[in-house]
Structures are given as structure tokens and as C-alpha cells.
Amino acid sequence: MQLESAYAVLKGNVRTEMDMTSMKGLTMPPQAIAQMKQMGMDRTVSIYRSDKKLLYLVYPGLKAYCEINPAAMQPTDKAEQKEPKIESTPIGKDTVDGHPCVKNKVTFTTDDGKQHEMIVWNASDMHDFPIQTEMQSGGATITTHFRDIKMSAPDASLFDPPGDYKAYGSMQEMMMANMQRMMPPGGAAPPQGGGNN
């Protein structure tokens with residue numbers, strides 16, 4: 001499966017924009033894509049504000065967004081997790097999209113002693129930017145490949161939901177409002193004619 005997304009980072013804040021209609025390699029019926037577009041759910045923007053510890057889920061097709069507190073989604077009985085221990089070992093050199101790279105094996109060790117490995121291609125001519133990463137998960141290979149990289153700082157306004165978008169208290173509230181918007185005026189008409197009671 002292949003999916004393109006736009007990605008921006010500024011002072012610990014992260015914005016990811018995905019267009020589900022650009023998905024390749026997954027056999028999604030055309031009617032499913034048409035339905036997503038009709039519902040206004042084909043494009044999703046997620047904005048993580050590290051300064052506010054908040055996540056905004058923005059749907060441009062709905063001109064709406066909801067605010068999520070990631071901390072509230074964590075189990076309360078769990079002790080606070082420590083940062084994983086990270087080790088990086090150079091394993092070779094490579095070229096990605098014309099950029100000379102050092103290929104590193106990066107190992108993450110979590111509190112519970114579990115290890116996760118990732119291969120990272122750091123571009124030497126772009127301040128060691130991780131232009132490509134590759135890791136195994138559940139028998140699948142997940143590759144992230146960055147293109148059209150701009151090293152200049154993105155506009156700060158990208159990390160706020162648009163002022164003219166409607167804010168909802170939760171994802172459920174936003175979905176319910178969207179369902180009501182799509183229903184014909186007065187709701188579904190009762191079936192006409194006779195029948196068994």
C-alpha cells in the first residue's frame with residue numbers, strides 16, 4: 001500500500017495532511033472513494049501542538065475540526081513511560097534521490113526491554129535529515145520516503161485550525177453532525193403503501 005502525505009514540523013509542533021484518494025496498492029472500490037468524498041472525509045489534517053499537548057483533527061471537506069487530549073487516551077493505571085533508549089549504528093552509505101546518505105540501523109529499547117529496529121537513511125547534504133526510513137511491523141515492511149523537502153521553517157499558521165472552521169467537542173459529535181447534514185430535509189420518508197403490522 002502506498003499513501004502520500006504532506007508533513008511539516010515547527011518547534012515540536014507537527015502537521016500531517018493525508019488525501020485518502022491518493023492511496024495506491026489497496027483495492028478500494030470506486031464507490032467507497034466517492035462516498036468518502038461525499039462525506040467530506042477524503043482529506044484529513046492532524047495537527048499536534050506540543051506546547052498545548054493537544055491534537056487537532058481537521059477535515060477540510062467538512063470545514064470542521066475536533067480537539068483531542070492525547071493524555072486522556074492513555075490508561076490511567078499505567079506508570080508514566082520513560083523515553084526509549086535509542087542506539088544508532090552506521091551500516092553503510094547509499095544515495096537516495098541524488099542525496100548522499102549514511103545508512104544507520106537504529107534500535108529503540110522501551111522500558112519493558114522490548115527492542116524495535118529501523119533502518120534510517122540520513123542525508124549528509126541536508127543536516128542528516130532522515131530522508132527515508134524502513135521498519136518491519138506485523139510481517140509487513142513500512143517505508144517512509146520524503147520528497148520535495150524544504151528546510152526553511154513553515155508558516156506558524158499551519159499549526160492552528162482555520163478560524164472559519166466549526167469546532168466540535170469530540171469526533172463522535174462531528175460525525176453525528178455530518179450524518180445529519182447528509183440526510184434529506186425532514187429525515188428519511190416513511191415507506192408508502194400497505195403492509196403487515
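1. Let's start with Cys101: this residue is buried, with a relative accessible area of 2% (buried means under 20% relative accessible area, exposed over 50%, partly exposed in between, using a 1.4 Å probe and protein chains only). Cys66 is buried too, at 0%. A search of the whole structure turns up 0 disulfides, a disulfide being a pair of cysteine sulfur atoms within 2.5 Å.

2. A quick word on the model: it is predicted, so local features need pLDDT of at least 70 and side-chain atom pairs count only at pLDDT 80 or more, while totals for chains, interfaces and linings use all residues. Residues are numbered from 1 along each chain as its sequence is written, and side-chain values use heavy atoms, leaving out hydrogens and water.

3. Now the rings. The whole structure has 3 aromatic pairs (Phe, Tyr or Trp rings, the six-membered one for Trp, with centres within 6.5 Å; planes under 30 degrees apart are stacked, over 60 edge-to-face, the rest tilted). Tyr56 and Tyr65 make an edge-to-face pair, 5.9 Å centre to centre with 85 degrees between the planes. Both Tyr56 and Tyr65 are buried.

4. Phe129 and Phe146 are also edge-to-face, with centres 5.3 Å apart and planes at 75 degrees. Phe129 is partly exposed at 22% relative accessibility. Together with Tyr7, Phe129 and Phe146 form one aromatic cluster.

5. Asp128 has a positive phi, near 60 degrees, without being a glycine, and is partly exposed at 46%. Asp148, not a glycine either, has a positive phi of about 50 degrees and is exposed at 66%.
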